[in-house]
Amino acid sequence: MFNRNEKKMLRFSDFLSGEYARDYIHQDTPYAEQIERSAKLIREADYVLIGAGAGMSTAAGAEYGGKFFEENFAEFQQVYGKGPYMQDMYSAGFYPFPDQESKWGYWAHQALLAGADLDVTPLHKTLLEALKGKKLFLLSTNADHQFEKAGMPVEQIFQTQGSYRLIQCRRGCHNKTYDAVELFRQMEQARRHAKIPSELVPRCPVCGGEMAMNLRVDDHFVEDENWHAAEERFSRFLSACRDGKTVLLELGVGFNTPTIIRFPFEKLARQHENISLVRLSRSKAVVPASLGERAVGINADMAQSITDIADILRARDRGAQ
Ligand SMILES: [Zn+2]
């Protein structure tokens with residue numbers, strides 16, 4: 001019964017890391033060469049674990065501030081003033097809304113624009129197309145479901161920080177989340193002067209208290225049944241990665257929450273010689289010098305880098321036929 005060769009399953013909790021690399025370097029290899037090396041690593045890999053952060057959605061075309069915010073959130077700027085909050089979708093989420101009618105008036109709007117109604121998937125599709133044939137899994141800190149929309153099976157996705165589709169008890173009194181997209185649409189229809197009618201304010205079905213978005217902002221974040229199932233599948237994939245050639249393909253992960261993708265990826269590559277790291281970022285693609293040839297860090301427009309890597313993979317696939 002007992003198989004001593006069987007390796008211990010690597011869980012998500014073992015994978016997480018707070019260890020900052022002390023030997024970061026900006027690789028000065030020419031761009032074209034870096035693209036070639038990335039494509040080669042990916043082509044030779046059995047497993048590709050994608051780690052996606054906010055930079056991936058931005059590179060794909062998602063907008064959060066500037067003119068986009070002015071145009072889409074004018075009603076909220078009129079009611080609350082622009083101030084320090086009503087500048088972009090990130091800052092506005094911290095506005096101290098005076099009541100639940102105002103809170104949901106705002107959040108329903110953001111949840112739809114940044115979630116259910118967002119479609120910036122052409123870049124995601126280009127990438128997925130180029131990775132066809134690989135054993136693939138996505139670890140994402142984004143709540144916007146863009147890889148899923150691009151056709152990636154949900155069974156291959158672990159979205160750790162929540163979802164723009166779901167709400168939960170604000171105090172996390174029970175381990176369930178609720179799909180609220182239809183409710184958000186009703187709120188959008190009924191909103192006047194940045195507020196929704198009281199009858200649309202959701203209440204926790206268990207404790208009767210306030211509800212909140214299922215986004216990890218504090219200790220009350222609910223990890224529901226689906227979250228745990230995704231964690232289980234991720235852990236199984238991660239454990240399998242130790243036995244084949246693996247590329248950790250990191251897309252647009254900065255230093256806001258580095259302990260979920262960036263540091264763990266560095267740790268994995270450090271510990272396993274069969275695992276390489278390809279890190280794409282507009283400006284934060286420093287990589288640990290100690291990983292040597294097993295790390296490629298490309299500081300460039302990510303939409304361009306992804307397209308260039310995909311082009312090479314496609315061209316070689318054609319050449320091989
Ligand atoms: Zn509750």
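Leucine 277 stands opposite alanine 295, a residue of strand β11, and that pairing is a handy way into this predicted model. The protein chain is divided into domain 1 (12-59 + 120-161 + 224-320) and domain 2 (63-117 + 163-215). Below is a tour of the sheets, the cores, the helices and a few individual residues.

- Strand β9 (residues 275-281) runs parallel to β11, and 5 bridges join the two.
- Strand β11 itself covers residues 295-299 and is mostly covered, with 4 of its 5 residues buried.
- Both strands belong to an open sheet of 6 strands, whose order is β4-β3-β2-β8-β9-β11 and whose pairing is parallel.
- The edges of this sheet are β4 (157-159) and β11; each has a single partner strand, so one side of each is left without a neighbour in the sheet.
- On average, neighbouring strands here are turned by 15° against each other, direction ignored.
- Further along the sheet, strand β2 (residues 47-52) pairs with strand β3 (residues 135-140) over 6 bridges, in the parallel sense.
- Within that pair, alanine 52 has serine 140 in β3 as its bridge partner.
- Helix α12 (residues 262-271) lies across β2, β8 (246-251), β9 and β11, and it runs at about 150° to β9.

**The three-stranded sheet**

- A further open sheet is formed by 3 strands in the order β6-β5-β7, and here the pairing is antiparallel.
- At its edges stand β6 (178-179) and β7 (211-215), each with a single partner strand, so one side of each is left without a neighbour in the sheet.
- Strand β5 (residues 162-169) is joined to β7 by 5 bridges, and the two run antiparallel.
- Cysteine 169 stands opposite methionine 211, which is in β7.
- Helix α7 (residues 100-116) lies across β5 and β7, at about 145° to β5.

**Cores**

- The largest nonpolar core has 55 residues, and those with the most contacts inside it are Val48, Leu49, Leu138 and Leu248.
- Helix α11 (residues 225-241) gives the most to this core, contributing 6 residues.
- A second, separate core has 25 residues, including Met86, Leu166, Ala180 and Ala212.
- What does leucine 248 touch, if residues up to four places away in sequence are not counted? Its partners are Leu49, Gly51, Phe265, Leu268, Ala269, Ile275, Ser276 and Leu277.

**A helix with a buried face**

- Helix α8 spans residues 122-130, and Leu123, His124, Leu127 and Ala130 are buried in it.
- Seen down the axis of α8, these buried residues fall within an arc of 130°, so they line one face of the helix.

**How the two domains meet**

- The centres of domain 1 and domain 2 are separated by 31 Å, taken over C-alpha atoms.
- Across the boundary, 6 residues of domain 1 are in contact with 9 residues of domain 2.

**Two histidines with positive phi**

- Histidine 145 has phi near 60°, a positive value in a residue other than glycine.
- Histidine 145 is found in the loop between β3 and α9 (146-149).
- Is histidine 145 buried or exposed? Histidine 145 has 21 other C-beta atoms within 10 Å, and 20 or more are needed, so this residue is buried.
- Histidine 193 also is not a glycine, yet its phi is positive at about 45°.
- The loop between α10 (181-190) and β7 is where histidine 193 is found.
- Histidine 193 counts as exposed because it has 10 C-beta neighbours inside 10 Å, where the limit for exposed is 12 or fewer.

**Glutamine 77**

- Glutamine 77 has its place in helix α5 (residues 74-80).
- With 17 other C-beta atoms within 10 Å, glutamine 77 is partly exposed.
- Leaving aside neighbours within four places in sequence, glutamine 77 is in contact with Lys82 and Met86.
- Which distance separates glutamine 77 from alanine 194 in space? They are 9.3 Å apart, C-alpha to C-alpha, and 117 residues apart in sequence.

Note on methods: Residues are numbered from 1 along each chain as its sequence is written. This is a predicted model: local features need pLDDT of at least 70, side-chain atom pairs count only at pLDDT 80 or more; totals for chains, interfaces and linings use all residues. A nonpolar core is a set of buried Ala, Val, Leu, Ile, Met, Phe, Trp, Tyr and Cys residues joined through C-beta atoms within 7 Å. Two residues are in contact if their C-beta atoms, placed from the backbone, lie within 7 Å. The arc is that of the directions from the helix axis to the C-beta atoms. Two strands pair if DSSP finds at least two bridges between them. Axes are lines fitted to C-alpha atoms, for helices over the stretch in contact, and angles run from 0 to 180 degrees between N-to-C directions. Domain bounds come from an automatic or database domain assignment.
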